[in-house]
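Please keep the sequence and the 3D view at hand while reading.

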Amino acid sequence: MTRRVAILVSGGGSNMVRLVESMTGDHPARPVLVLSNDPEAGGLRRAAEMGVPTAAVSHKPFKGDRAAFEAALSEPLAAAQPDIICLAGFMRVLTEGFTRRWQGRMLNIHPSLLPKYRGLHTHARALEAGETEAGCTVHEVTAELDDGPLLGQARVPILPGDTPETLAARVLVEEHRLYPAVLRRFAAGDRTPVLLP
Ligand code: GRF
């Protein structure tokens with residue numbers, strides 16, 4: 001049975017594009033919705049150009065009431081009936097209630113080698129700490145931020161003269177390889193981690 005995938009974005013959506021591009025042919029899943037908390041998100045435009053249904057629910061009118069925002073966010077989700085949710089640069093922290101509802105069916109990509117550097121500014125923190133390598137992680141989403149079971153990881157070297165920007169660009173290339181590889185395996189029911197050199 002083909003799995004239905006909804007992708008949540010807040011920004012440009014480069015990971016979303018790679019996920020959508022990968023879901024063709026014998027892939028066990030198909031995209032059914034790209035949803036954003038920002039009606040102006042570049043990712044919505046790119047998804048529409050690729051023929052994927054889109055929707056936006058701004059978090060702003062909810063003034064920090066996350067449960068109310070998530071109730072509104074759940075309407076287009078309920079209509080699309082996804083089997084799997086991929087968070088791809090979705091920058092709203094989800095409540096325990098929402099993560100429990102989708103537990104085991106919701107993935108996220110994070111730009112660090114978790115459990116190191118949960119949260120924001122991962123590349124600057126890795127550089128400040130004098131790390132020799134960095135990377136990205138795909139994990140199942142649980143109530144704890146950036147904490148769920150690991151589904152994939154990719155590593156990159158930190159090079160002399162690196163800035164958070166040059167490191168982010170090198171990691172993003174790996175994100176675009178890792179997330180589609182993990183989704184293909186996860187949608188086939190296989191949770192064996194994908195580890196890219
Ligand atoms: C990515 O680096 C992702 O790891 C992080 O946000 C960024 C989103 O980039 N959570 P894009 O919108 O997929 O281009």
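This is a predicted model: local features need pLDDT of at least 70, side-chain atom pairs count only at pLDDT 80 or more; totals for chains, interfaces and linings use all residues.

## The loop between E5 and H5

His121 is found in the loop that links E5 and H5. The backbone of His121 has a positive phi of about 55°, although His121 is not a glycine. Most residues other than glycine have a negative phi, and most peptide bonds are trans. With a relative accessibility of 62%, His121 counts as exposed, because the cut-off for that word is over 50%.

Pro115 also belongs to the loop, which runs between strand E5 (106-110) and helix H5 (122-128). The peptide bond that joins Leu114 and Pro115 is cis, with an omega of about 15°.

Apart from neighbours within four places in sequence, Ser112 is in contact with Tyr117, Thr122, Gly135, Cys136 and Thr137. A polar atom in the side chain of Ser112 lies 3.2 Å from the backbone oxygen of Tyr117.

Ser112 can also be compared with a residue from another part of the sequence. Although Ser112 and Val171 are 59 residues apart along the chain, their C-alpha atoms are separated by 8.5 Å.

Strand E6 (residues 133-140) pairs with strand E7 (residues 150-157) in the antiparallel sense, and seven bridges connect the two. Within this pair, Thr137, which is one of the residues in contact with Ser112, stands opposite Gln153 in E7. In a regular strand the side chains alternate between the two faces of the sheet.

Asp146 lies in the loop between E6 and E7, and its phi is near 55°, a positive value in a residue other than glycine. Asp146 counts as buried, because its relative accessibility of 10% falls under the 20% limit.

E7 also pairs with strand E8 (residues 194-196), to which it runs parallel and is joined by three bridges. One of the residues involved is Gly152, whose bridge partner in E8 is Val194. Between E7 and E8 the chain passes through helix H6 (residues 164-187), and this β-α-β crossover is left-handed.

## Helices H1 and H2

Helix H1 is largely enclosed by the rest of the structure, because seven of its nine residues are buried. The buried residues are Ser14, Asn15, Met16, Val17, Leu19, Val20 and Ser22. Among the elements that cover them are E1, E2, H2, strand E4 (84-87), E5 and H6.

Helix H2 (residues 42-49) has the buried residues Gly42, Gly43, Leu44 and Ala47. These residues pack against strand E1 (3-9), H1, strand E2 (29-36) and strand E3 (54-56). Just after H2 comes Gly51, which takes a positive phi of about 80°.

Asn15 lies in helix H1, which spans residues 14-22. Its relative accessible area is 8%, so Asn15 is buried by the under 20% limit. When residues up to four places away in sequence are not counted, Asn15 touches Ala88, Ile109, Leu172, Glu175, His176 and Tyr179.

Which residues surround the ligand? They are Gly12, Gly13, Ser14, Asn15, Gly89, Ile109, Pro111, Leu172 and Glu175. Asn15 takes part with its backbone, since one of its backbone N or O atoms lies 3.0 Å from an oxygen atom of the ligand. For Ser14, an N or O atom in the side chain is 2.6 Å from an oxygen atom of the ligand. For Glu175, an N or O atom in the side chain is 2.8 Å from an oxygen atom of the ligand. On its own the ligand has 370 Å² of accessible area, and the protein covers 78% of this.

Terms used
Residues are numbered from 1 along each chain as its sequence is written. Side-chain values use heavy atoms; hydrogens and water are left out. Helices (H or I, at least four residues) and strands (E, at least two) are DSSP runs, numbered from the N terminus. Buried means under 20% relative accessible area, exposed over 50%, partly exposed in between (1.4 Å probe, protein chains only). Contact means heavy atoms within 4.5 Å. Two strands pair if DSSP finds at least two bridges between them. A crossover is right-handed if, with the strands pointing away from the viewer, the path from the first strand over the helix to the second runs clockwise. A residue is near a molecule or strand if one of its heavy atoms lies within 4 Å of it. A polar contact is a pair of N or O atoms within 3.5 Å; within protein, one must be able to donate a hydrogen and the other to accept it, and residues adjacent in sequence count only if both atoms are side-chain atoms. Accessible areas come from the Shrake-Rupley method with a 1.4 Å probe; for residues, only the protein chains shown count as cover.
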